[in-house]
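Today I am opening my notebook on a structure that is new to me. I want to look up its aromatic rings first, and then its nonpolar core.

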Amino acid sequence: MEPLSFASFSLAAILASLPVNGEVSSKPTITTHISPAIAGQWEVDLNSSITMTKEAEAKQAASKETKNIKSDEPKSSAGEGLLTQNEKRIINIQPSTNKKLMASAAKSNQCRELYNFAADNEMWSVSGKEWTYGRYLVTHREEGLPIIAIKTVYDNNEVDCSGNQVDQTDEALIAFLNHDGNQMQWCADPDGKECFMNFKRILP
């Protein structure tokens with residue numbers, strides 16, 4: 001299984017070799033399998049707490065069942081000034097009436113990032129006033145999750161919905177791709193244990 005850094009280098013080289021629409025290619029280009037399954041419009045699920053693929057979660061649960069882990073942690077009692085592990089802490093939190101905080105919370109909940117994947121290797125995304133255009137490839141491996149590689153060709157360098165302004169022109173993003181129906185995740189590892197972006201399909 002090749003490390004992500006090596007995969008990043010080789011896929012970035014492949015992305016750099018792809019011609020832009022209308023550009024005549026003077027050298028041979030490398031082509032690879034495109035996954036038509038992800039073609040369509042996707043929205044980043046910013047409120048999702050899922051950080052692991054279903055397969056990785058099932059493997060982790062199975063490994064926990066097969067192992068009897070004994071904790072060496074000493075037990076403490078309330079008499080020593082500490083709570084025991086099975087005691088519940090009750091905290092009384094008063095709701096905030098700060099209008100600035102409430103306005104910023106409402107604003108953050110309205111942040112929508114849309115990604116459009118076309119069947120011809122083209123990708124464009126919209127977030128607030130920012131929109132980007134690029135090329136993408138999906139490469140399937142013998143083991144582990146497939147890899148998605150995206151090269152940003154153009155970024156209008158406007159402020160995105162989270163308030164950031166970053167010009168991503170010529171940047172490449174490499175991630176492991178977990179796709180299941182109308183759900184998609186981008187992960188940092190081939191087993192899908194560390195996923196950092198969760199998507200839901202909006203349009204086919």
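**Rings.** I began with a cluster: ring pairs link Y115, F117, Y136, W186 and F199. Rings of Phe, Tyr and Trp (its six-membered ring) count as a pair if their centres lie within 6.5 Å, and planes under 30 degrees apart are stacked, over 60 edge-to-face and the rest tilted.

**Ground rules.** I am reading a predicted model, where local features need pLDDT of at least 70, side-chain atom pairs count only at pLDDT 80 or more, and totals for chains, interfaces and linings use all residues. Residues are numbered from 1 along each chain as its sequence is written, and side-chain values use heavy atoms, leaving out hydrogens and water.

**Pairs.** I searched the whole structure and found six aromatic pairs. One of them joins Y115 and F199 edge-to-face, at 5.3 Å centre to centre with 85° between the planes. Y115 lies in strand β2 (residues 113-117) and F199 in strand β8 (residues 195-203), so this pair ties together parts 84 residues apart in sequence. Strands here are DSSP runs (E, at least two residues), numbered from the N terminus. Both Y115 and F199 are buried, meaning under 20% relative accessible area with a 1.4 Å probe, protein chains only.

**Core.** Which residues touch the most other members of the largest nonpolar core? I noted I38, F117, I148 and W186, out of 16 residues. Such a core is a set of buried Ala, Val, Leu, Ile, Met, Phe, Trp, Tyr and Cys residues joined through side-chain atoms within 4.5 Å. I also logged a second, separate core of seven residues, including I147 and F176.

Terms used
Helices (H or I, at least four residues) and strands (E, at least two) are DSSP runs, numbered from the N terminus. Buried means under 20% relative accessible area, exposed over 50%, partly exposed in between (1.4 Å probe, protein chains only).
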